[in-house]
Amino acid sequence: LTHIGFGVSEAANGEEGLARAQLDRPDLILLDIVMPKMDGMAMMKKLRALDDWGKKVPVILLTNLNADEEIMKGVIEGEPSYYLVKANYTLDDVVEKIKSTLAGK
């Protein structure tokens, strides 16, 4: 993503990701569901409860998990821009989703 001009912040786990998001206030968040310390669904829920920015920042969920009932409940509540199962998308596909999401802001 940096090679095509995007600024990127990284986090090693969900707790760090939430703190980083609050500090950096990015235009979009790529979020994996399976993360240590705090999973992506919990992070998205806390993000959405933060403030107006947290409620509206686009989130693209990337995961290796197929959506079961519990995941779908969290997806519906968290309203991400996209829910992408990694095995079904190439990096180019993800970049296109990022571009289209940011273009719609």
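Predicted model: local features only at pLDDT ≥ 70, side-chain atom pairs only at ≥ 80, totals over all residues.
User: Where do I start? How many helices and strands does the protein have?

Analyst: Start with the elements. The protein has 5 helices and 3 strands. Then read their order. From the N terminus, the elements run α-β-α-α-β-α-β-α.

User: Next, burial. What percentage of the residues is buried?

Analyst: A residue counts as buried under 20% relative accessible area. Of the 105 residues in the protein, 36% are buried. The protein exposes about 6600 Å². Carbon and sulfur atoms supply 51% of that area.

User: Let me try one residue. Is Arg48 buried or exposed?

Analyst: First place Arg48: it lies in helix α2, residues 40–50. Its relative accessible area is 13%. The cut-off for buried is under 20%, so Arg48 counts as buried.

User: What does the side chain of Arg48 reach?

Analyst: Look for a partner atom. The Arg48 side chain reaches the backbone oxygen of Val57, at 2.7 Å.

User: Where are Arg25 and Lys37 found?

Analyst: Both sit in loops. Arg25 is in the loop between α1 and β1. Lys37 is in the loop between β1 and α2.

User: Why does Lys37 count as exposed?

Analyst: Exposed means over 50% relative accessible area. Lys37 has 64%, so it counts as exposed. Arg25 has 37%, so it counts as partly exposed.

User: Last, pockets. How much space lies in the largest pocket?

Analyst: Read the volume, then the lining. About 740 Å³ of space lies in the largest pocket. Its lining has 25 residues. Val8, Ser9, Leu28, Ile29 and Leu30 lie nearest the centre.

User: Which elements each supply at least two residues of that lining?

Analyst: Helix α1 (14–24), strand β1 (29–32) and helix α5 (91–103) each do.

User: How do the lining residues divide into nonpolar, polar and charged?

Analyst: Sort them by type. The lining of the largest pocket has 15 nonpolar, 4 polar and 6 charged residues.

Methods
Residues numbered from 1 in each chain as written. Heavy atoms only, no water. 1 Å grid on protein atoms, 1.4 Å probe; cavity = no way out; pocket = protein on both sides within 12 Å on 5 of 7 lines; lining within 4 Å. Points joined across faces, edges and corners; volume = space filled by probe spheres on them. Helix = DSSP H or I, 4+ residues; strand = E, 2+ residues; numbered from the N terminus. Nonpolar A, V, L, I, M, F, W, Y, C, P; charged D, E, K, R; others polar. Buried < 20%, exposed > 50% of the residue type's maximum accessible area, 1.4 Å probe, protein only. Polar contact = N/O pair within 3.5 Å; in protein donor to acceptor, adjacent residues only side chain to side chain. Areas by Shrake-Rupley, 256 points an atom, 1.4 Å probe, with all protein chains shown as cover.
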